[in-house]
Amino acid sequence: MLAVAIGLGVFALALVSLFGADALGWVATTSVWTNPTTALTTASKAYAGLGGLGALVLTYVALTAVLSAATYALGDDVRKFAIRFTVAFAIAYGAWFLGSWAYLAAVTPADQAKFGVSWSLKLTNEGGYIVALVAGLVIANVFPAFAEWLKSAIRPELYIKVAIVILGAFIAVTMAGKLTLASSLMLRGLAAIVEAYLIYWPVVYLIARKGFGFSREWSAPLASGVSICGVAAAIATGGAIRARPQVPVLVSSLVVIFAVVEVLILPVIAQTFMSHEPLVAAAWMGLAVKTDGAAVAAGGITQSLIQAKAAAEGINYQPGWMLSVTATVKVFIDVFIGVWAFILAYIWTNHVNPRPGAPKAKLAEIWERFPKFILGFVATFLIALALALGTDAGTSGKLATAIGEANVWRVIFFVLTFFSIGVLSDFRRLWQDGLGKLAAVYVVSLFGFVVWVGFVIS
Amino acid sequence: MATPDLRDELKAPVEPLLPIEKKLIGWSFGIGIALLVLLVLLNRIIPLT
């Protein structure tokens with residue numbers, strides 16, 4: 001619920017501007033640069049007096065204060081968190097800043113001429129996500145002691161959930177101008193639910209059980225991890241079938257590692273083969289990439305890569321749409337984790353492993369396992385959509401500006417998510433604890449059919 | 001929290017598929033395919049563009 005509170009807080013502050021006061025315009029934003037001293041600025045010109053560096057310091061202080069309060073609420077060591085978060089924020093934002101360098105970000109020949117650069121990787125300024133991910137991966141795999149030290153500030157699940165709550169409002173404002181997108185998204189979201197729970201899950205479970213000889217205790221969390229939504233689904237399933245707590249934890253570590261592999265590979269495939277079907281590519285990311293953070297991260301990278309390729313061809317896709325599609329597909333899949341866990345709990349406690357006197361599955365488990373951040377996503381989406389459709393042009397224009405400022409915070413939480421995912425991805429774990437065979441099931445299932453079935457159906 | 005040694009656990013005899021597991025796999029997959037066909041047909045009416 002902390003993610004919901006933080007996300008709704010940002011959204012509420014954004015809405016204040018509808019009444020004349022700009023409560024979020026001081027947040028720092030980075031534009032494409034060749035001269036680093038001109039890159040940083042405030043989200044709103046009303047706060048231009050702060051200067052870019054002043055805005056960044058203020059953004060850091062506000063973020064640290066809010067997240068430290070969340071750390072306190074969780075009962076963790078606030079001082080320890082604040083020190084480590086300061087370092088994590090500096091590296092993550094530094095990576096984002098570097099990603100906006102014109103040699104990485106400038107896309108069209110006109111941009112290159114404008115910035116005076118003769119070549120560019122054409123990543124758009126969202127290439128900063130990739131830089132942040134790579135920075136995290138380097139730390140995890142080259143400086144493991146540093147990665148361990150950073151751990152208490154590395155909370156990808158919290159960061160991505162805050163970002164998704166804010167994203168709800170952004171999607172609403174985007175959709176308000178194009179309601180046919182909403183109906184298409186509903187259909188794609190429903191298809192994603194069917195694929196994840198009813199196609200992928202039974203096939204992966206069968207492969208793990210019959211193909212690799214895993215026990216039921218290992219196979220069910222593994223099937224959920226590969227098929228549904230990575231860590232959350234593996235842990236919910238582990239609880240549902242009353243597995244030992246270590247089982248879903250080990251499966252989750254695999255999920256995180258392979259999600260990073262997917263984030264690095266699939267967007268490039270999408271850019272190569274699906275650059276003229278951007279929404280289909282985005283839906284594919286939501287379906288194929290596991291864990292919320294990695295999926296939305298893949299959607300972000302796909303968006304930047306496809307937009308860059310399209311821009312070079314003179315096509316300008318609507319900014320934010322691809323990311324919205326990926327996030328919506330992922331949220332649709334997440335909604336049913338609790339229901340699926342209940343179904344498995346019922347089958348396991350009554351038929352697979354009935355124990356006299358042991359507690360049976362209860363309907364309340366559906367709510368207990370429901371990912372609560374989805375409530376925040378739905379709330380910001382519905383409120384923003386109602387305001388966008390139900391107010392005059394002047395107010396809806398102000399709303400778009402306000403949500404644009406909230407979106408700068410969403411970007412910062414995304415950057416923190418990318419960096420955190422990298423820091424948690426220690427590839428050496430694959431060779432420890434006999435995880436190789438478990439990883440083999442993952443590879444066979446994920447790259448053998450999950451990714452490609454998703455590709456075909458998307 | 002002790003980490004289970006997968007290498008040891010993999011040497012254990014393979015648990016046969018129970019009838020309820022076969023039902024779970026079969027029914028899930030069957031319903032899934034049927035719903036997908038339905039959604040593909042719907043997508044013909046409302047294509048994702």
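Good morning. I shall open with the lining of the second largest pocket, which by class holds 17 nonpolar, 12 polar and 4 charged residues. Please bear in mind throughout that the structure before you is a predicted model.

The second largest pocket has a volume of about 790 Å³. Its lining is made up of 33 residues, and those closest to the centre are T124(A), N125(A), E126(A), Q307(A) and P319(A). Several elements of chain A contribute two or more residues to this lining, namely β1 (28–30), α3 (78–99), α5 (109–115), α13 and α18. Which of these elements gives the most to the lining of the second largest pocket? That element is α18(A), with 6 residues.

Let me turn to the largest pocket. Its space amounts to about 1200 Å³. A total of 49 residues line the largest pocket, and nearest its centre lie P156(A), E157(A), V231(A), I235(A) and L424(A). By class, the lining of the largest pocket comprises 30 nonpolar, 6 polar and 13 charged residues.

Which elements supply at least two residues each to the lining of the largest pocket? In chain A they are α1 (2–16), α7 (144–150), α8 (156–176), α10 (216–240), α11 (246–273), α13 (292–312), α16 (364–369) and α18 (393–423). The largest share, 9 residues, is provided by α11(A).

I now come to the chain as a whole. Chain A contains 19 helices and 2 strands.

Next, burial and contacts. Of the 458 residues in chain A, 60% are buried, where buried means under 20% relative accessible area. If we take the contacts in chain A between residues at least 6 apart in sequence, 76% of them join residues at least 24 apart.

Finally, the surface. Chain A exposes about 16700 Å², and 69% of that area is supplied by carbon and sulfur atoms.

That concludes my presentation. Thank you for your attention.

Note on methods: Residues are numbered from 1 along each chain as its sequence is written. Chains are lettered from A and ligands numbered from 1 in the order in which they are written. This is a predicted model: local features need pLDDT of at least 70, side-chain atom pairs count only at pLDDT 80 or more; totals for chains, interfaces and linings use all residues. Side-chain values use heavy atoms; hydrogens and water are left out. On a 1 Å grid over the protein atoms alone, a cavity is a set of points where a 1.4 Å probe fits but cannot get out, and a pocket is an open set with protein on both sides within 12 Å along at least five of seven lines; lining residues have an atom within 4 Å of a point. Grid points are joined across faces, edges and corners, and a volume is the space filled by probe spheres set on the points. Helices (H or I, at least four residues) and strands (E, at least two) are DSSP runs, numbered from the N terminus. Ala, Val, Leu, Ile, Met, Phe, Trp, Tyr, Cys and Pro count as nonpolar, Asp, Glu, Lys and Arg as charged, and the others, Gly among them, as polar. Buried means under 20% relative accessible area, exposed over 50%, partly exposed in between (1.4 Å probe, protein chains only). Contact means heavy atoms within 4.5 Å. Accessible areas come from the Shrake-Rupley method with a 1.4 Å probe; for residues, only the protein chains shown count as cover.
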